[in-house]
Amino acid sequence: MTEFEQNQTENSQSMEDAMNSVQEVNVGDVVSGEVLVIEDKQVVVGIEGAGVEGVVPAKELSTSPVEDINEVVKVGDTLELVVISTIGKDKENGSYLLSKRRLDAKKVWEDIEKDFQAGNIIEAPVTNVVKGGLVVDVGVRGFVPASMVEDHFVADFSEYKGETLAFKIVEIEPSENRLILSHKAVVETEKEEKKKEILANIHEGDVIDGRVARITDFGAFVDLGGIDGLVHVSEISHSHVAKPSDALAVGDEVKVKVLSINPEQERVSLSIKDTLPGPWTDIEEKATVGSVLDGKVKRLTSFGAFVEVFPGVEGLVHISQISHKHIATPHEVLHEGDEVQVKVLEVHPEEHRIALSIKALEEKPASEEEPKDVETYELPEENTGFTMGDLLGDALKEEVEETTTDDSEK
């Protein structure tokens, strides 16, 4: 074979190889395209291996709105694209309509499907607030119904716009571009996990900080950081509380003591008053023996009157300490609610007892006084521990001795 013939054979083979290497382009194919020209509303690319060009409209460049094409692509960039349709009747001289957005969306749907099957939590920004809920961007459009935004009622969703939240995938249907998400499910799961953590780490007797979450007629529910504990109305204060709302308000920061825990029922009983100084704390300093205090008659009994001298502290005025006059019952001179002054006779902190006297602060009526030449023996106001016999014994002995002496002298 001559050299000319050999060259012709090689050229023919090269052309055949080149023709064979040209890739046929069909609708639905995924191709690579090099950016050749950037125009106002579209990008012209050369489809690699096909020897033809394609056009990518601006709206098909990204799953997000494109305001400036130059911020998305540059000349020389290689893009992965999907063929949407042909442009022009002559296939050889025509071109193709291509999309990067649809290919990206397809991959996003595939990833979302994997997350859905695995039960994964995804994060996405809220792009819009509509009447029925929230619109979010996860590479494709996702929707959060109003009932799935939070685990409590929300009147205004406007503050969510621009926020990035965590979501659980509730429903997915790529063929219909349907993606339903729930933030509420994430919140509930987190709270449940926090509940278990708190229940496992708190113990009876612990004193912890909390915040008043709700108030009812029978008490207040305090948020401990993930679980609510109940402070019964009787555990709010050492003094009487008629209604929890009289002493507490929603949002109040309080210190509580754990009284009991029921992990199975997720119930925690709390006390506020057990973290506060008791009414009898330092009572010996507040009510020293001999001091005079203002008080209010709280209860009357057959043997005396109970007078409140400090919130939660009542002392007893024995019937013998009410008046210098003889009275059959305390009701003769006192009534519940009377404001009185009392003198402190005795204080017993351990037993929570205080002995008080009203008559010690009153002047003895003249009509009650004995003649001066008659010696009398009056029991002391305070309990000295001596009996009547002890007090009168010596006096009687002296009187007998004097009588004996007088008889002998006679």
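**Charges over rings**

Start with Arg-299: this residue lies over the face of Phe-306, 4.2 Å from the ring centre. What counts here is NZ of Lys or CZ of Arg within 6 Å of the ring centre and within 35 degrees of the ring normal. Lys-286 does it too: its charged end sits over the ring of Phe-310, at 5.2 Å from the centre.

Quick word on the source. This is a predicted model, where local features need pLDDT of at least 70, side-chain atom pairs count only at pLDDT 80 or more, and totals for chains, interfaces and linings use all residues. Residues are numbered from 1 along each chain as its sequence is written, and side-chain values use heavy atoms, with hydrogens and water left out.

Now ring against ring. Rings of Phe, Tyr and Trp (its six-membered ring) pair if their centres lie within 6.5 Å; planes under 30 degrees apart are stacked, over 60 edge-to-face, the rest tilted. That rule gives three aromatic pairs. One of them is Phe-157 with Tyr-160, tilted, with 5.9 Å between centres and 50° between planes. Phe-157 and Tyr-160 are both buried (under 20% relative accessible area; exposed is over 50%, partly exposed in between, with a 1.4 Å probe and protein chains only). Next, Phe-218 and Phe-221: centres 6.3 Å apart, planes at 85°, so this pair is edge-to-face. Phe-221 is buried at 17% relative accessible area. Phe-218 is partly exposed at 43%.

Last, Asn-26. At 35% relative accessibility, Asn-26 is partly exposed. Ser-85 is 59 residues away from Asn-26 in sequence, yet their C-alphas are 8.1 Å apart in space.
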